[in-house]
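I set out to record the strand pairing, the helix packing and the confidence of one model. The entries follow the order in which I looked things up.

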Amino acid sequence: MIKRLLFLSVIATSLSITSCQKDEAGNETPTENDVAVKTDQELVVTDAVREKVKELNFNSKHIEVITQKNLDGETESVFQIEGDIIMSPETLKEMQPGDITNKQYRTYNLVSSPRTINVIGYTGGYGQGLTSKQRSALQRAINNYNALNIGLNFNLTFGTNYQSYDIVVYQTQNGNAGGVAGFPSNGDPYQFIQIFDGMENYSTATNEHVMTHEIGHTLGLRHTDWFSRQSCGQSGESANPDGAVHIPGTPTGYDSGSLMLACFSASESGNFGYYDEVALEYLY
């Protein structure tokens, strides 16, 4: 079975995504100590960025700067890490390494609980509204979380007035398959999940898998195979174990059944693996 990166196009073979975002910052010269700098008014990946990413046990070989279009029409440059994780320069600076190895893994950024998390599936225009298949998959993803015995309850609605919602799920037109999200901040889940339009070529169950996976990131879950990227057919890279916090009760080896693996196939069930549930019920 061939595994595909969450960002891989169904047809295309290139992973290159370039940024054309222009910010107000002036021209600056990168230095080795800069965690994030802008040059020619664009965000760039410095040696310090790669070092910080490696300290946090993300794959420092897989960092790009992309321009994401928000629902308000604004664009911003952000770091794209490990294919489906977004970090702003501020978020990257905020995250701190830990001292515990092994898996299953979370970040130090978690959502305050108990609480109700209000989720909206965006149905507006300009190619950003979820399709019928995506809406069905999102409902199933929310059902996955509400079936858990955790202190988080998820309310789902569909519409266009998204501003007050904790999590907003919308579509991005880029011809790729997968999605992208970020980690919690200040006790709140990361607000925006982008689902790529190429997911229309996949089943509802595989769409459910991607949405459940991306919601997992917004709650603080990391890729369970960050250390090897075995699900992607890779061998990983040598990395300092700081920054990935082991969740008690989960295995220390490769968990082929985890929904939080870095890559997915075209035949996913959309359901949590056993240890995904253990991890979430421990955390929340």
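Entry 1, conventions. I counted two strands as paired if DSSP finds at least two bridges between them. Helices (H or I, at least four residues) and strands (E, at least two) are DSSP runs, numbered from the N terminus. This is a predicted model, in which local features need pLDDT of at least 70 and side-chain atom pairs count only at pLDDT 80 or more, while totals for chains, interfaces and linings use all residues. Residues are numbered from 1 along each chain as its sequence is written, and side-chain values use heavy atoms, with hydrogens and water left out.

Entry 2, the five-stranded sheet. I looked up the strand order and found β9-β8-β10-β12-β11, an open sheet with mixed pairing. I then followed β12 to its partners. Residues 192–196 form β12, which runs parallel to β10 (residues 167–172) over five bridges. Within this pair, Val169 has Ile193 as its bridge partner, and Val168 stands opposite Phe192. With β11, strand β12 pairs in the antiparallel sense over two bridges; here Gly179 is bridged to Ile195. I also checked burial, where buried means under 20% relative accessible area, exposed over 50%, and partly exposed in between (1.4 Å probe, protein chains only). Four of the five residues of β12 are buried, and the strand is mostly covered.

For angles I used axes that are lines fitted to C-alpha atoms, for helices over the stretch in contact, with values from 0 to 180 degrees between N-to-C directions. Contact means heavy atoms within 4.5 Å. Helix α3 (residues 132–146) lies across β8 (115–122), β9, β10 and β12, at about 165° to β9. Helix α4 (residues 204–218) lies across β9, β10, β11 and β12, at about 155° to β12.

The 15 residues of α3 reach 21 Å from first C-alpha to last, close to the 21 Å expected at 1.5 Å a residue; the expected span is 1.5 Å times one less than the number of residues. Which residues of α3 are buried? I found Gln134, Ala137, Leu138, Ala141, Ile142, Asn144 and Tyr145. Seen down the helix axis, they fall within an arc of 150°, so they line one face of α3; the arc is that of the directions from the axis to the C-beta atoms. Their cover includes β8, β9, β10, β12, α4 and α5 (274–283). Gln139, also in α3, is partly exposed, at a relative accessible area of 32%. Its C-alpha atom is separated by 9.9 Å from that of Thr212, 73 residues apart along the chain.

Strand β5 (residues 75–81) pairs with β6 over three bridges, and Gln80 has Ile86 as its bridge partner.

I read pLDDT as the predictor's confidence in each residue, from 0 to 100. The protein averages 78, and 75% of the residues score at least 70. Over residues 5–41 pLDDT stays under 50, and the model has 95 contacts beyond four places in sequence for them. Residues 236–243 also stay under 50, with 29 such contacts.
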